[in-house]
Amino acid sequence: MGPGTIMTQPIQTADYWDETVDGYIAGAEPFTALFCHDAVALAEIEPGTTLLDIATGPGALAVAAAEAGASVTAIDFSQGMIDRLLTRAGSHPIEARRMDGQALDLPSDHFDRVCSVFGIPLFPDWRAGLAEAARVLRPGGRAVIGVADNPYGFGPNQLLAQARLALWPDEPIDIGVPGMAALSDRDAFSTELERAGFGDIAMHQRSHDIVLPADILTNESPMIGSNPLIVGLDDTKRDAVIAEATRIAEQWRDADVIRMPSTAHLAVAVKRGS
């Protein structure tokens, strides 16, 4: 790797998302869609509003925005996700296109609204993602961008991170996704939005429960065994992290599920005039 090369994790590749479309829809979308609906409400859509949804995934936000009256362009680098959105779009005014959010093939100063929930922090070049979101928004247009309030994400990631921090508070954790770490701090997030060309920034917090199977915290679970928060740990440490995460999760146990409260920052910003 040469100087300036941006390293990528599997979760930052289109192949990863192409291969996990069904798992994402079954396990994660019931949770992430709640924040998508929050973002649509904050976007203050009117009939005929043009809206770009960046990193749309299977399209929860795109569909909600179209139902609110927007004419939607939805992009994602995963063709599998775009294909799934196309099956959902029906008669809604949604144009779904495979595209890199770090280099949008779209005109500048074009959309009334730009939204992205949990996508941009995953971009290898997340600053380019923010700058592109600003570029295609018309001056005075509104953006709503959602990020996790912690550097690790939600669900199993959040539990395993809390467990590691409880066991070894002085041991740094790096999952190799810099955008998540950089934007999880609301003040830093606001600063980066300003650098990208946004102003009038207002930070909103929204919390929803993520529902997990109570038996998810085992080495055999695909969401745990290969999780970057424990990959590389020796067996003793892995077992200790899983045991501590299980202890932490007990406070949210509800019969055979865990209902874990999770919070996101939803930034509402306006593109500064040219």
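Is E44 buried, partly exposed or exposed? Keep that in mind while you load the whole chain. The model is predicted.

**Stop 1: the whole chain.** Colour by secondary structure. Eleven helices and eight strands make up the chain. The radius of gyration is 19 Å, close to the 19 Å that the globule rule gives for 274 residues, so the chain is as compact as a globular protein of that length. Turn to the principal axes: the C-alpha trace spans about 55 × 45 × 35 Å.

**Stop 2: contacts and surface.** Now show the surface. The accessible area is about 12300 Å², and carbon and sulfur atoms hold 51% of that. Of the 274 residues, 51% count as buried.

**Stop 3: charges.** Select the charged side chains. There are 20 positive and 38 negative charges. Their mean positions lie 5 Å apart.

**Stop 4: E44.** Select α3 (29–43) and β1 (50–54); E44 sits in the loop between them. Check the backbone. Most residues other than glycine have a negative phi. E44 is not a glycine, yet its phi is positive, about 55 degrees. Here is the reply to the opening question: E44 is partly exposed, at a relative accessible area of 47%.

**Stop 5: F118.** Go on to the loop between β4 (111–117) and α6 (126–136), where F118 is found. F118 also is a residue other than glycine with a positive phi, near 70 degrees. Is F118 buried or exposed? F118 counts as buried, because its relative accessibility is 15% and the cut-off for buried is under 20%.

Terms used. Residues numbered from 1 in each chain as written. Predicted model: local features only at pLDDT ≥ 70, side-chain atom pairs only at ≥ 80, totals over all residues. Heavy atoms only, no water. Helix = DSSP H or I, 4+ residues; strand = E, 2+ residues; numbered from the N terminus. Rg over C-alpha atoms; globule rule 2.2 N^0.38 Å. Buried < 20%, exposed > 50% of the residue type's maximum accessible area, 1.4 Å probe, protein only. Areas by Shrake-Rupley, 256 points an atom, 1.4 Å probe, with all protein chains shown as cover. Lys, Arg positive; Asp, Glu negative; His and termini not counted. Charge placed at Lys NZ, Arg CZ, Asp CG, Glu CD.
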